[in-house]
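Come along and check each entry by eye.

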Amino acid sequence: MPPVRRSPKKLRLVKSPRTARPTRAKARKPAPGAKKGRPALRTYDAATVRQLASAKRAWERAEVARSIASAPSRRTEFMTDSGIPVPTVVTPAERAGEDLGDLGLPGQFPYTRGVQPTMYRSRLWTMRMFAGFGSPDDTNQRFKYLMAHGTTGLSTAFDMPALMGYDADHPMSRGEVGKEGVAISTLRDLEILFDGIPLDQVTTSMTINASAIVALCMYIAVAEKQGVPMEKLGGTIQNDMLKEYIAQKEWIVPPRPAVRIVVDMIDFCSRHMPRWHPVSISGYHIREAGATAVQELAFTLADGIGYVEECVKRGMAVDDFAARLSFFWDVHNDFFEEIAKFRAARRIWARVMRDRFGARDPRSWQLRTHAQTAGVSLTAQQPYNNVVRTALQALAAVLGGTQSLHTNSLDETYALPTEESVTLALRTQQLIAHESGVDRVVDPLGGSYYVEYLTDEMEKRALEYLRRIDEMGGIIRAVEEAYPQKEIGESAYRYQREVEQGERLIVGVNAFQSERQEPVQILKIDEQVAEGQIARLKQVKAERSSAAVAAALARVEAACRGTDNLMPPVLEAVKAYATLGEISDVFRKVWGQYREGGIF
Amino acid sequence: MPERKLRILVAKPGLDGHDRGAKIIARALRDAGMEVIYTGLHQTPEMIVNAAVQEDVDAIGLSIMSGAHMTLFPAVIDLLKEQKAGDIEVFGGGIIPDDDIPRLKQLGVSEIFTPGSSTQDIVQWIRQHIQPRA
């Protein structure tokens with residue numbers, strides 16, 4: 001179903017923000033092609049546009065033609081990384097249809113210019129550095145180190161066995177325990193992970209999906225032991241299963257039961273955890289798997305629409321949960337396109353929530369987001385170049401209006417980052433926040449002819465994808481048919497070919513190579529971590545009541561087979577020290593293990 | 001008689017889901033005229049070796065991003081020997097620190113391609129080093 005626009009409550013633009021421009025927009029009768037339901041508020045009046053268009057044509061015939069004759073263009077055509085044509089220069093002549101109602105003021109519908117009226121003047125973005133490796137003790141120490149150095153929110157990476165629902169002692173976990181994140185099998189591990197960190201005073205992000213329900217219940221249980229009720233817990237759990245099938249590929253059961261668990265969690269959190277974000281709808285992994293910025297924007301918003309649809313089908317009122325949905329974008333190299341992506345995302349989401357789902361609460365319209373610089377853009381060659389890449393990407397995220405940010409470390413193409421490299425990545429954000437001056441003004445690129453052009457183009461192309469997905473019967477259907485997966489695979493292959501054919505230059509990789517090896521320190525995870533985790537797991541199993549565990553797991557199974565919310569029985573099971581693997585085994589038993597065919 | 005096409009198994013062992021590289025390699029080898037079988041994700045060394053023997057491949061390319069390379073490469077090589085298929089060459093790539101490469105080669109891995117390697121380098125290496133098994 002295509003979005004239907006209803007008339008806005010009130011257009012609260014008091015005056016044009018472009019006082020320095022030659023003309024000032026005036027409200028006038030709707031121009032042809034104006035948005036239905038409200039009068040267009042043209043940025044540029046028709047006479048100015050005509051005048052400029054004619055001046056530009058003359059300029060192209062004279063100055064541009066002469067310039068190209070003496071110094072031809074370096075390329076026959078210029079495109080953004082997503083393939084949007086880039087004009088030589090954008091002027092009001094190309095922006096004739098620009099409507100100030102599409103921009104709004106910061107903190108106003110449709111939030112193109114930001115979700116808060118004063119943005120970083122009131123509160124800087126959260127500098128949230130993703131961390132997790134080795135044993136829970138190792139990660140606990142890294143958390144405390146980061147807090148001592150000014151990080152303002154915790155962010156937990158779990159190891160692959162935890163993400164796939166296996167305990168440390170499972171045969172599938174061989175060689176993987178504590179390698180790509182912290183190893184977690186039971187509540188005891190989480191107790192150690194957050195030891196000495198008062199959970200009512202930090203916000204915590206947990207990057208876990210297929211087994212997210214287990215992790216969230218463990219977190220609630222640890223907080224309870226600290227005397228902190230779940231109502232007071234602030235943070236985010238990624239819990240975006242649709243993007244797992246599309247890109248990240250850490251799963252336990254097939255898409256439909258997986259989404260049912262997500263909806264159970266959204267429902268539970270909307271009732272009991274008012275400060276918690278039960279899902280972080282993630283473009284990051286989609287992008288890293290090879291999607292273009294447009295595809296990242298489209299597939300991520302499609303996932304968000306999918307969750308809202310499922311919640312509404314469950315009978316939930318959209319304004320009861322929508323404000324707790326949050327997003328997570330990748331920030332890649334194409335500076336302006338990335339900024340435009342953030343702006344277009346906010347505008348599309350606001351309209352989808354208001355017009356398609358009928359949300360009334362402005363907080364339901366606001367797309368709040370975390371962002372991470374693009375891990376995939378880092379190179380093993382000349383690793384110190386990665387500091388520069390990350391700084392540019394971080395600046396784009398800030399200019400795009402992100403609410404929180406992780407910056408990657410220079411050594412991440414080799415291994416998990418060392419303490420020194422993580423500190424430098426955090427310092428990069430602090431420099432942007434406190435030295436560059438970009439924190440002082442809201443949406444400084446709003447009104448840039450080029451950025452507004454790109455924002456419109458991104459929006460147009462993303463809406464086209466959304467229409468196609470609606471026609472297929474929605475995102476769950478599209479995922480089952482591997483539509484986004486195939487689109488992303490094509491883009492990834494095209495990108496690689498462009499690099500190999502030299503159409504796309506990557507400094508240090510296919511251009512400006514150097515023979516000199518720059519040594520970087522590598523963080524190594526000892527195999528002893530696995531042994532330690534397995535020993536602790538054995539001990540927990542010996543100390544717990546097996547009868548209580550069996551009874552709790554039986555209640556989890558009954559809830560899986562019925563329609564009761566899964567959160568209460570899973571919470572009870574983790575408190576009885578049922579393991580993450582045991583609870584995931586119940587899911588596998590009821591719904592089967594998901595497998596993807598070897599398509600390429 | 002024309003030489004038979006090389007048969008390569010591209011395999012993704014371990015639990016991580018980072019299959020962008022594996023799929024690009026699979027496609028590039030196919031475009032270079034080889035027969036490619038891709039295992040899909042989350043394969044155990046046993047599953048990979050069984051597939052290699054069953055499909056009668058000439059070489060296995062392992063893609064590992066999870067840091068488990070020092071466990072998974074030797075496991076595949078040992079299982080191949082057990083199944084009397086030690087002549088199937090094993091190469092690989094992914095997030096593998098330089099320091100680990102000599103040890104992996106000692107253990108019998110023919111070549112390791114680190115981030116930034118071009119698919120053309122890999123195709124060329126295979127053409128030079130892998131022969132169809134008798």
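**Entry: the neighbours of one residue.** I started with Ile60(B) and listed its contacts, leaving out residues up to four places away in sequence: Leu9(B), Ala11(B), Ile48(B), Ala52(B), Val76(B), Ile88(B) and Val90(B). I counted two residues as in contact if their C-beta atoms, placed from the backbone, lie within 7 Å.

**Entry: ground rules.** I kept in mind that this is a predicted model, where local features need pLDDT of at least 70, side-chain atom pairs count only at pLDDT 80 or more, and totals for chains, interfaces and linings use all residues. Residues are numbered from 1 along each chain as its sequence is written, while chains are lettered from A and ligands numbered from 1 in the order in which they are written.

**Entry: the core.** I found Ile60(B) again, with Val570(A), as the residues with the most contacts inside the largest nonpolar core, which has 196 residues. At least three residues come from each of domain 2 (119–500) and domain 3 (538–591) of chain A; these bounds come from an automatic or database domain assignment. Such a core is a set of buried Ala, Val, Leu, Ile, Met, Phe, Trp, Tyr and Cys residues joined through C-beta atoms within 7 Å. Buried means that 20 or more other C-beta atoms lie within 10 Å of a residue's own. In chain B, 51% of the 134 residues count as buried.

**Entry: the sheet.** I read five helices and five strands in chain B. Both are DSSP runs numbered from the N terminus: helices are H or I with at least four residues, strands E with at least two. The strands form an open, parallel sheet in the order β2-β1-β3-β4-β5 (chain B); strands pair if DSSP finds at least two bridges between them. At the edges I noted β2 (35–38) and β5 (111–113) of chain B, each pairing on one side only. Strand β4 (residues 89–94) of chain B joins β5(B) over three bridges, and Gly92(B) stands opposite Ile112(B).

**Entry: helices on the sheet.** I saw helix α1 (residues 20–31) of chain B packing on the sheet, its direction at about 160° to that of β2(B). Helix α3 (residues 69–82) of chain B lies across β3 and β4 of chain B, at about 165° to β3(B). For these angles, axes are lines fitted to C-alpha atoms, for helices over the stretch in contact, and values run from 0 to 180 degrees between N-to-C directions.

**Entry: overall extent.** I noted that the C-alpha trace of chain B spans about 45 × 35 × 25 Å along its principal axes.

Note on methods: A residue is buried if 20 or more other C-beta atoms lie within 10 Å of its own, exposed if 12 or fewer, and partly exposed in between; C-beta atoms are placed from the backbone.
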